Amino acid sequence: MRSIETTDESTGCFLWRDGQRTDVIDYRLPTSEDDIRPVSEIALAELAGIIRDNQEALDENDPALIIARLIGLDRLAATSRSRIEDAIEYWRRVQTGGGPRREEERGTA
(Lines give C-alpha, C1' and ligand atoms only; values in the text may rest on other atoms or scores of the structure.)
Protein backbone atom coordinates (compact mmCIF):
# COMPACT_ATOMS: atom_id res chain seq x y z
CA MET A 1 0.00 0.00 0.00
CA ARG A 2 1.27 3.45 -0.89
CA SER A 3 1.99 6.00 1.77
CA ILE A 4 -0.12 9.13 1.82
CA GLU A 5 1.03 12.36 3.37
CA THR A 6 -1.44 14.68 5.05
CA THR A 7 -1.63 18.24 6.22
CA ASP A 8 -4.17 19.07 8.90
CA GLU A 9 -5.29 22.64 8.39
CA SER A 10 -7.99 24.84 9.88
CA THR A 11 -10.39 23.91 7.05
CA GLY A 12 -9.71 20.17 7.10
CA CYS A 13 -7.23 17.50 6.16
CA PHE A 14 -5.49 17.59 2.77
CA LEU A 15 -4.11 14.39 1.27
CA TRP A 16 -0.96 14.19 -0.85
CA ARG A 17 0.59 11.32 -2.74
CA ASP A 18 3.80 10.18 -1.10
CA GLY A 19 6.60 12.57 -1.99
CA GLN A 20 4.36 15.24 -3.55
CA ARG A 21 3.89 17.40 -0.46
CA THR A 22 6.08 20.49 -0.32
CA ASP A 23 5.74 23.78 1.54
CA VAL A 24 4.69 25.64 -1.63
CA ILE A 25 3.13 24.27 -4.82
CA ASP A 26 1.93 25.96 -7.98
CA TYR A 27 -1.61 27.28 -7.78
CA ARG A 28 -3.96 25.44 -10.13
CA LEU A 29 -5.85 28.13 -12.02
CA PRO A 30 -9.51 27.41 -12.81
CA THR A 31 -10.17 26.73 -16.49
CA SER A 32 -13.71 28.13 -16.24
CA GLU A 33 -16.01 29.79 -13.72
CA ASP A 34 -17.34 26.33 -12.88
CA ASP A 35 -13.83 25.30 -11.77
CA ILE A 36 -13.39 28.04 -9.17
CA ARG A 37 -12.85 26.33 -5.81
CA PRO A 38 -13.85 27.70 -2.43
CA VAL A 39 -10.80 28.95 -0.53
CA SER A 40 -11.49 26.34 2.16
CA GLU A 41 -10.80 23.61 -0.42
CA ILE A 42 -7.36 24.94 -1.35
CA ALA A 43 -4.37 23.81 0.71
CA LEU A 44 -2.19 26.50 2.28
CA ALA A 45 0.76 25.23 0.20
CA GLU A 46 -1.23 25.95 -2.97
CA LEU A 47 -2.45 29.35 -1.77
CA ALA A 48 1.18 30.13 -0.95
CA GLY A 49 1.97 29.35 -4.59
CA ILE A 50 -0.27 32.13 -5.89
CA ILE A 51 1.11 34.49 -3.24
CA ARG A 52 4.67 33.58 -4.28
CA ASP A 53 3.80 34.36 -7.90
CA ASN A 54 2.10 37.67 -7.00
CA GLN A 55 4.19 39.03 -4.13
CA GLU A 56 3.50 42.61 -5.18
CA ALA A 57 -0.03 42.08 -3.80
CA LEU A 58 1.48 41.99 -0.30
CA ASP A 59 2.47 45.65 -0.64
CA GLU A 60 -1.11 46.77 -1.33
CA ASN A 61 -3.64 48.08 1.22
CA ASP A 62 -5.74 44.90 1.09
CA PRO A 63 -3.60 41.96 -0.06
CA ALA A 64 -6.29 39.41 0.83
CA LEU A 65 -8.74 41.09 -1.55
CA ILE A 66 -6.18 41.09 -4.37
CA ILE A 67 -5.38 37.40 -3.85
CA ALA A 68 -9.12 36.64 -3.77
CA ARG A 69 -9.56 38.32 -7.14
CA LEU A 70 -6.59 36.41 -8.56
CA ILE A 71 -8.17 33.09 -7.62
CA GLY A 72 -11.49 34.13 -9.12
CA LEU A 73 -13.58 35.13 -6.11
CA ASP A 74 -16.10 37.89 -6.79
CA ARG A 75 -16.97 38.30 -3.12
CA LEU A 76 -14.60 38.02 -0.18
CA ALA A 77 -16.51 36.61 2.79
CA ALA A 78 -15.02 36.84 6.28
CA THR A 79 -14.11 33.13 6.32
CA SER A 80 -12.36 33.38 2.95
CA ARG A 81 -10.53 36.53 4.04
CA SER A 82 -9.33 34.77 7.18
CA ARG A 83 -8.11 31.78 5.15
CA ILE A 84 -6.22 34.00 2.70
CA GLU A 85 -4.69 35.96 5.58
CA ASP A 86 -3.60 32.64 7.11
CA ALA A 87 -2.01 31.75 3.75
CA ILE A 88 -0.16 35.07 3.66
CA GLU A 89 1.17 34.41 7.16
CA TYR A 90 2.08 30.86 6.12
CA TRP A 91 3.95 32.17 3.03
CA ARG A 92 5.91 34.64 5.15
CA ARG A 93 6.93 31.88 7.59
CA VAL A 94 8.02 29.61 4.73
CA GLN A 95 10.03 32.48 3.20
CA THR A 96 11.90 33.13 6.41
CA GLY A 97 12.61 29.46 6.99
CA GLY A 98 10.09 29.20 9.82
CA GLY A 99 8.19 26.44 8.06
CA PRO A 100 4.62 25.39 8.71
CA ARG A 101 3.00 25.74 12.12
CA ARG A 102 2.18 22.62 14.10
CA GLU A 103 -1.34 22.34 12.63
CA GLU A 104 0.14 22.33 9.13
CA GLU A 105 2.87 19.79 9.83
CA ARG A 106 3.23 16.79 7.64
CA GLY A 107 1.87 13.48 8.70
CA THR A 108 1.59 10.10 7.07
CA ALA A 109 -1.34 7.76 6.83
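A charge sits over a ring if NZ of Lys or CZ of Arg is within 6 Å of the ring centre and within 35 degrees of the ring normal.

Reader: In this predicted model, which residue lies over the face of Trp16, and at what distance from the ring centre?

Author: The structure holds 0 aromatic pairs, but a charged side chain does sit over one ring, that of Trp16. The residue lying over this face is Arg21, and its distance from the ring centre is 5.5 Å.

Reader: Why is helix 1 described as largely enclosed by the rest of the structure, and which elements do its buried residues pack against?

Author: Helix 1 spans residues 44-53, and because 8 of its 10 residues are buried, it is largely enclosed by the rest of the structure. Those buried residues include Leu44, Leu47, Ile50 and Ile51. The elements they pack against are strand 1 (4-9), strand 2 (12-17), helix 2 (63-70) and helix 3 (78-95).

Reader: How are helix 2 and helix 3 oriented to each other?

Author: Where the two helices meet, Pro63, Ala64, Ile67 and Ala68 of helix 2 contact Arg81, Ile84, Glu85 and Ile88 of helix 3. Their axes lie 9 Å apart and pack at an angle of about 100°. Since angles of 65 to 115 degrees count as roughly perpendicular, helix 2 and helix 3 are therefore roughly perpendicular.

Reader: Over which residues is the pLDDT below 50?

Author: The protein averages a pLDDT of 86, and 88% of the residues score at least 70. One stretch falls below 50, although in the model it has 28 contacts beyond near neighbours in sequence, and this stretch is residues 102-109.

Notes:
Residues are numbered from 1 along each chain as its sequence is written. This is a predicted model: local features need pLDDT of at least 70, side-chain atom pairs count only at pLDDT 80 or more; totals for chains, interfaces and linings use all residues. Side-chain values use heavy atoms; hydrogens and water are left out. Buried means under 20% relative accessible area, exposed over 50%, partly exposed in between (1.4 Å probe, protein chains only). Helices (H or I, at least four residues) and strands (E, at least two) are DSSP runs, numbered from the N terminus. Contact means heavy atoms within 4.5 Å. Rings of Phe, Tyr and Trp (its six-membered ring) pair if their centres lie within 6.5 Å; planes under 30 degrees apart count as stacked, over 60 as edge-to-face and the rest as tilted. pLDDT is the predictor's confidence in each residue, from 0 to 100. Axes are lines fitted to C-alpha atoms, for helices over the stretch in contact, and angles run from 0 to 180 degrees between N-to-C directions. Angles under 35 degrees count as roughly parallel, over 145 as roughly antiparallel, 65 to 115 as roughly perpendicular and the rest as oblique.
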